[in-house]
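Welcome to this short briefing. Take a moment with the sequence and the fold, and then we can walk through the main points together.

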Amino acid sequence: MGNSNDEQLQRQRKRFLHREKAVSKQLKEFETATSSLPIGIVMLGREQRVQWFNPIAANYFKFRGNKLNETTLEKLLVQHQLKHILPQLQEGKSVIISAPGDQATALQVKLVELSKKRWLLILDDVTQEQLLQQMRQDFIANVSHELRTPLTVIAGYLELLSESGIVIAPSHRTLWDNAFNQLHEHTWRMQRIISDLLYLSSIEHEKSSDSEEDWIDIEVMLHSIRGSALMIDAQKDLTIKIDCQRGLALLGDDQAIYSAINNLVINAVKYTPSGGTIHLVWRDVAVGCQHCPDFCQKSRAKKGAILAVSDNGVGIDAQHLPRLTERFYRVDKAHSRQTGGTGLGLAIVKHIFKRHNTQLEVSSAVGRGSCFFAVFPPNRVELKSLK
Ligand code: ADP
């Protein structure tokens, strides 16, 4: 009896050792695989404490020794003065930072939740992509600068010619008038494109700390925008209604915010046929924009205030929506040029909103209209009694 018990124990021990060997072999293979991955990985456990990291992550974060088990993700970020990125990581967003161990390396950081007690911090080197993007932005800014001067000269001479009282033979009059009008119109269009490109590159380069921010009375701003929008095409007989929460102020750069809302309103005027209605909304997001019930309702789950420009115009087919804020992307090129658009308006709005910690969203249906909106976070919104 004793013998068979011993044998059973021996067999169990062997099985256990065998399994232990297999597990540690698998663990080694996993470590080799993750070590040779071209990305940094930090595994986080309970309370987001660092449990394990691969050599690339160690390099990016200057990890030394084995004392890291006591470090939580928050402490790690504080230590490298990156605490500000924590809320965005926790919202599932990816953030681009300079690697703490090497400032010249741009890292895209993302926090992936594996379970309630397990996370992966993924660190991807995007230095090359960032450099390429920087080169592209610099190139556009330089070309625009270079073109601005000769265009100003051409525009100046055109102005001079139109005022010079030059006498044209009657047989050439029509040809001259046509040529002159076309020259005038295209020069003006090119000047607008260049000025939009320069503005876009200036806001792309600007850090949010560079701009002057103050509490803006959006209601006053909307009334002023409404006044000039009604004059763009008075024959269309559009109705522009303002739906505002009294005293609700936005912390931001007022010139930039004015330019963003103005762009959206000009578009609404351009793409809404005669007799249409445009609503300008600025309210607590819980109330929502009530003018397009099936459009922007999903935003009501968020916190903060909604700014919306909603129209009952031509609308946009769903296939175009993801590309709408790309530079020069137009749904109908001919119509857009005819209405004097540069194709840069929404790209500008997108960047201005991004600098104000929000994003431009669009809901639309062909033939029913469009709603362009953004939800500003609670730290940028306050109920004030403004004069
Ligand atoms: P554009 O100068 O061509 O208006 P934008 O960047 O402002 O350039 O807009 C890009 C495209 O989005 C427009 O060409 C148009 O097709 C579409 N668009 C913008 N706003 C509206 C709107 N309110 N209704 C319908 N289409 C719109």
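Let's begin with helix α8, which is mostly covered, with 12 of its 17 residues buried. Please keep in mind that this is a predicted model.

**Helix α8**
- The helix runs over residues 254-270, and from first to last C-alpha it reaches 24 Å, close to the 24 Å expected at 1.5 Å a residue.
- Among its buried residues are Ala-256, Ile-257, Ala-260, Ile-261, Leu-264, Val-265, Ala-268 and Val-269.
- The buried set also includes Asn-262, Asn-263, Asn-267 and Lys-270.
- As a reminder, an α-helix has 3.6 residues a turn, so residues three or four places apart point the same way.

**Overall build**
- The protein contains 10 helices and 13 strands.
- Its radius of gyration is 30 Å, well over the 21 Å that the globule rule gives for 387 residues, so the protein is more spread out than a compact globule.
- Along the principal axes, the C-alpha atoms fill a box of roughly 125 × 45 × 40 Å.

**Burial and contacts**
- Of the 387 residues in the protein, 40% are buried.
- Among contacts in the protein with a separation of 6 or more, 63% are between residues 24 or more positions apart.

**Surface and charge**
- The accessible surface of the protein is about 23400 Å², and carbon and sulfur atoms account for 53% of that area.
- There are 48 positive and 42 negative side chains in the protein, and the centres of these two sets are 8 Å apart.

Conventions
Residues numbered from 1 in each chain as written. Predicted model: local features only at pLDDT ≥ 70, side-chain atom pairs only at ≥ 80, totals over all residues. Heavy atoms only, no water. Helix = DSSP H or I, 4+ residues; strand = E, 2+ residues; numbered from the N terminus. Rg over C-alpha atoms; globule rule 2.2 N^0.38 Å. Buried < 20%, exposed > 50% of the residue type's maximum accessible area, 1.4 Å probe, protein only. Contact = heavy atoms within 4.5 Å. Areas by Shrake-Rupley, 256 points an atom, 1.4 Å probe, with all protein chains shown as cover. Lys, Arg positive; Asp, Glu negative; His and termini not counted. Charge placed at Lys NZ, Arg CZ, Asp CG, Glu CD. Expected span 1.5 Å × (residues − 1).
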